[in-house]
Amino acid sequence: MGNTSGINPTLMSLLYDTTPEELIQIDAVTKGFSDQQLQQFVMIYRTKRKDPQTILLCCLLGLVFFAGLHRFIMGQIGMGILYLFTGGLCLIGTIVDAINHKELALEFNQQMIGETLGMLNMTRR
C-alpha cells in the first residue's frame, strides 16, 4: 500500500472534503468495516455533518441579520433562541463562536458520527 497516513484509502476517497481531525476520528471508529459498510456510513454521515465554513458564514450573518443562526443549524435550539433574543449575547457570543467555528463544527460532527453509527447499529465497543 502507498498510503503512509494509515487512514483507510476508501474512506479518504469518500470523505475527501472533511477536516483531517474529522477523518482521523471516523477512521478510528470504522476500523474493520467493509467497503460496503463504509459507503453506507458515509452516505448517512454526509447528510448530517456540518462544514466549518458553513458555521463561520452563519456566525458572520448573525452579526448583521439573525443572531444565533449557526446555533439553530447545529440543532442547539435553546442556545439559538438565547442568541436571538440577546443579540448574540451582545455580539460577544457570536464573535467568540466565529473565532471557534472549527471547534464547534468538530464537536457537532463528533456527535453525528456517534448518531450515524447508532443508526446503522455499528457501534463498536
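I took a pocket to be an open set of points, on a 1 Å grid over the protein atoms alone, where a 1.4 Å probe fits, with protein on both sides within 12 Å along at least five of seven lines; lining residues have an atom within 4 Å of a point. I note that this is a predicted model, in which local features need pLDDT of at least 70, side-chain atom pairs count only at pLDDT 80 or more, and totals for chains, interfaces and linings use all residues. Residues are numbered from 1 along each chain as its sequence is written, and side-chain values use heavy atoms, without hydrogens and water.

**Pocket.** I looked up the largest pocket and found a volume of about 180 Å³, the volume being the space filled by probe spheres set on the points, which are joined across faces, edges and corners. I listed its lining as T19, E21, E22, D51, P52, Q53, H101, K102, E103, A105, L106 and N109. Helix α8 gives the largest share, six residues; α2 (20-29), α4 (52-64) and α8 (101-119) each supply at least two. Helices here are DSSP runs (H or I, at least four residues), numbered from the N terminus.

C90 lies in helix α6 (residues 77-90) and is exposed (over 50% relative accessible area), at 64%. For L91, in the loop between α6 and α7 (92-99), phi is also positive, near 70°. I recorded both angles because most residues other than glycine have a negative phi.

How values were computed
Buried < 20%, exposed > 50% of the residue type's maximum accessible area, 1.4 Å probe, protein only.
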